[in-house]
Amino acid sequence: MEFLTSFFSGPVPVEAYLAVSLIMFFAGVYGFLTRKSMLMILVSIELMLNAADINFVAFNRYLYPGQFEGFYFTLFTIAIAACETAVAIAIIINIYRNLTSVEVGNLDQMKE
Amino acid sequence: MAQQIIFYVLAVIITVFSILAVTSKQIIRSATYLLFVLLGTAGLYLLLGYNYLFAVQIAVYAGGIMVLFIFAILLTNKPGENVKTELPIRRIVAGLTSLAGLAFCGHIIYWNVKKISVLTEMADITPQQLGRMMMGTDKYQYLLPFEMISILLLACIVGAIMVARKR
C-alpha cells in the first residue's frame, strides 16, 4: 500500500517515459521481423519512429527545460516521417499494380 | 496526483495497443490500433507541456498518415483476408530477439538513468518565439532544417506522383 501511494504521489520520473517508448520500440521491432505484408512493416516503422520522438521530448523536458532542441528535432522528425510514408505507400501501390500482392516474399519477381 | 494517473492511463493505452498493433490478424484493425497509439503519444506531449507538438502530432500523424494508411489498405487488401505472418519458428526467433533487446535496454535505463523526477518550470513558448526560432539563423535557430524540410516535401510530392501514376 505504501508502495502504491509513493508510486502515485511523486512526479512522474523520466524512466517511466523511457519505459513506455522502450516497449513501443520493441513492439515495432517484433512486427518488423514477423509481418509479411509491406503495409504492416510500415506500421511497425511508424511505431519505432514514435518511440524515438517520445525519448527526444522527454529528455528535453526533464534535462533542458529552458531550451527547445528536442522539441524541434521531434517536429522535423514528424515531417520526415510523413514524407517517408507518402513515398512508401506510392511504391507499395505501384507494386500492387504489377504483382497484385504486397507481400515481401513475392518481391523477387520484380527483377524478371 | 492527477498528472500521475493520466500518465499511467496513457502508458497502459500505448503499451497494450502497440502490442496489439503488431500481433493483430486483420490489417485494418492493426491500423486502427496504430491510431490509438499515435493519439496516446499526442497525450504524452500534452502532459509534458508541448502544446504545439500535440497539435502537430494530431494533424500530421493521426490526420494525414492514418488516412494514407487506410486508403492504401483498402486499395491493396481483399476484404476478410487475414494477414500472413512468417513461419512459427521465425516468429519465435523474432520474439526472443525483441525480448532480449527489451531486457538489455531496460537494464541500461534502470541502472544508468538517475531518478530525475524534478519537473522544473519550463520556459513558456509563444507562437512568436516559435516562428522566430524557426526562421532565424543564429544559434538555436533553425532556418536551414526548415528549408530542407520544405524541399524534401516538394521532392516527396513529385516522387510520389511519379511512382504511383499509371503508365
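Helix 2 of chain A and helix 1 (residues 2-23) of chain B pack with their axes 8 Å apart, at an angle of about 10°. The two are therefore roughly parallel, a label for angles under 35 degrees, with over 145 being roughly antiparallel, 65 to 115 roughly perpendicular and the rest oblique. This is a predicted model, so local features need pLDDT of at least 70 and side-chain atom pairs count only at pLDDT 80 or more, while totals for chains, interfaces and linings use all residues. Residues are numbered from 1 along each chain as its sequence is written, and chains are lettered from A and ligands numbered from 1 in the order in which they are written.

**Helix 2 of chain A against helix 1 of chain B**

- For the geometry, axes are lines fitted to C-alpha atoms, for helices over the stretch in contact, and angles run from 0 to 180 degrees between N-to-C directions.
- Helix 2 of chain A brings A:Ala16, A:Val20, A:Ile23, A:Met24, A:Ala27, A:Tyr30 and A:Gly31 to this contact, and helix 1 of chain B answers with B:Phe7, B:Ala11, B:Ile14, B:Thr15, B:Ser18, B:Ile19 and B:Val22.
- By class, the residues of this contact are 11 nonpolar, three polar and no charged.
- Here nonpolar covers Ala, Val, Leu, Ile, Met, Phe, Trp, Tyr, Cys and Pro, charged covers Asp, Glu, Lys and Arg, and polar is the others, Gly among them.

**Helix 4 of chain A against helix 6 of chain B**

- The axes of helix 4 of chain A and helix 6 (residues 143-164) of chain B cross at roughly 10° and come within 9 Å, which makes this pair roughly parallel too.
- Among the residues that meet here are A:Phe76, A:Ile80, A:Cys83, A:Val87 and A:Ile91 from helix 4 of chain A, and B:Ile149, B:Leu152, B:Cys156, B:Gly159 and B:Val163 from helix 6 of chain B.
- The residues of this contact come to 17 nonpolar, two polar and no charged.
- A:Ile91 is partly exposed, with 15 other C-beta atoms within 10 Å; the cut-offs are 20 or more for buried, 12 or fewer for exposed and partly exposed in between, with C-beta atoms placed from the backbone.
- Between the C-alpha atoms of A:Ile91 and A:Ile80, 11 residues apart along the chain, there are 17 Å.

**The whole interface**

- In total, 62 residues of chain A are in contact with 71 residues of chain B, where contact means C-beta atoms, placed from the backbone, within 7 Å.
- Helix 1 (2-9), helix 2 (14-34), helix 3 (38-63) and helix 4 (69-99) of chain A each give two or more residues to the side that touches chain B.
- Helix 4 of chain A gives the most to that side, with 20 residues.
- The side of chain A that touches chain B holds 44 nonpolar, 12 polar and six charged residues.

**Chain A by itself**

- Chain A has four helices and zero strands, with helices (H or I, at least four residues) and strands (E, at least two) taken as DSSP runs numbered from the N terminus.
- Of its 112 residues, 46% count as buried.
- Among contacts in chain A with a separation of 6 or more, 48% link residues 24 or more positions apart.

**Chain B domains and confidence**

- Chain B is assigned domain 1 (1-80) and domain 2 (124-167), with bounds from an automatic or database domain assignment.
- The centres of these two domains, taken over C-alpha atoms, sit 24 Å apart.
- Chain B averages a pLDDT of 87, and 91% of the residues score at least 70; pLDDT is the predictor's confidence in each residue, from 0 to 100.
- Within chain B, helix 2 (residues 27-48) has the highest confidence at 92, and helix 5 (residues 127-135) the lowest at a mean of 85.
- For the complex, the predictor gives an ipTM of 0.88 and a pTM of 0.89.

Notes:
Two residues are in contact if their C-beta atoms, placed from the backbone, lie within 7 Å.
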